[in-house]
Amino acid sequence: KPGEHKHSKEPSSLPCMHLAVVACGDRLEETLIMLKSAVLFSNRRLCFHIFAEDSLKPEFEKKLKEWPSSYTKKFEYNIYPITFSVGNAQEWKKLFKPCAAQRLFLPVILKDVDSLLYVDTDVLFLRPIDDIWHILKEFNSTQLAAMAPEHEIPKIGWYSRFARHPYYGTTGVNSGVMLMNLTRIRNTQFKNSMIPGGLTWEEMLYPLYQKYKNYITWGDQDLLNIIFYFNPECLYVFPCQWNYRPDHCMYGSNCKGAEEEGVSILHGNRGVYHDDKQPTFKALYEVIRDFPFEDNLFQSLYYPLQSKFLDTVHTLCGRIPQVFLKQIEKTMKKVYENRVIVYLGANHRY
């Protein structure tokens, strides 16, 4: 495909798990740290689909080539230009954050991909992507996408208090982590508020934007909420630990799934990795950023994280460090168990 870079390593017996991200402006480092977190813990091979401004493409290629081969063999990647198949490209580019609307066009652009996990650049994986990928098998016959609620408590949720357009459920959904069966999306006729009959995904996007553009605040996320308001049977809602944001702890802990199982995917929205408003989120970002690839995970990632967390206990999010550490600890133990088994298997014949 034009404007696309391909980089492939060892084929795997299992099809790879597809992960998409859109990076514009100053999001290069955030995106690389997100990809690093994905590679550190995942078991199956990964296929990264990176949508980026032309100026960022050489930087992505340069940085990814610097990663050690023990990690680069776990993934392949493609870099795509920012493109919008319908409507006015400049309008789409300016919708909410730069280029964020690109995610709406993934089913149209990635025609050969069956299923995909889309994440924002400010996401960190604290357990293998394999675990969220398994949720695809839990979809019923009408479900074609999965997202987490925007909030757990309607009375303090944004949509339930301020939205001027239709939205999914009682609190809306957050599109920062979105699991999609693209084949189903491409083959579905969606109910809508514009014509009595159904429209395909691509047919629906621009008219929907034109109808609601004066009422939406959060751009493409609002459009997704509108789509699933009219097509609720198409959405699988996964629990908050798969898209854990500052809202889940800054007003007191309100994500029960994270309290029980730990955070699975951390979403540092509102720029919290880069300021001092939520030091617990910033600590996780910095530790994964600074982790030397070939080092011991416990020594160079887990212990520094515990140490940094001691400085955050005065904050609401910092009071519950076990929520942030539980999955990452569990994942690292599995990584070591697997390595020991592989090592023993290679060196001992019984």
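Student: Which side chain does Arg 245 meet in a salt bridge?

Tutor: This is a predicted model, where local features need pLDDT of at least 70, side-chain atom pairs count only at pLDDT 80 or more, and totals for chains, interfaces and linings use all residues. Residues are numbered from 1 along each chain as its sequence is written, and side-chain values use heavy atoms, with hydrogens and water left out. A salt bridge is a side-chain nitrogen of Lys or Arg within 4 Å of a carboxyl oxygen of Asp or Glu. At 3.9 Å, N to O, the partner of Arg 245 is Glu 150.

Student: How much area do domain 1 and domain 2 bury between them?

Tutor: Buried area is the accessible area (1.4 Å probe) that two parts lose on being put together, summed over both. Carbon and sulfur atoms hold 63% of it here. The total for domain 1 and domain 2 is about 3,100 Å².

Student: Which three residues supply 24% of the area that domain 1 buries against domain 2?

Tutor: Good one to look up in the structure! No other three residues of domain 1 supply more of that area. They are Leu 124, Leu 126 and Arg 127.

Student: How many residue pairs are in polar contact between domain 1 and domain 2?

Tutor: A polar contact is a pair of N or O atoms within 3.5 Å; within protein, one must be able to donate a hydrogen and the other to accept it, and residues adjacent in sequence count only if both atoms are side-chain atoms. With both residues at pLDDT 80 or more, the count is 18.

Student: Which element gives the most residues to the side of domain 1 that touches domain 2?

Tutor: Helices (H or I, at least four residues) and strands (E, at least two) are DSSP runs, numbered from the N terminus. Elements giving two or more residues to this side include β6 (123–125) and β8 (173–181). The one that gives the most, with 7 residues, is α1.

Student: Is His 248 buried or exposed?

Tutor: His 248 lies in the loop between β9 (235–237) and α11 (256–261). Buried means under 20% relative accessible area, exposed over 50%, and partly exposed in between (1.4 Å probe, protein chains only). Because its relative accessibility is 1%, His 248 counts as buried.
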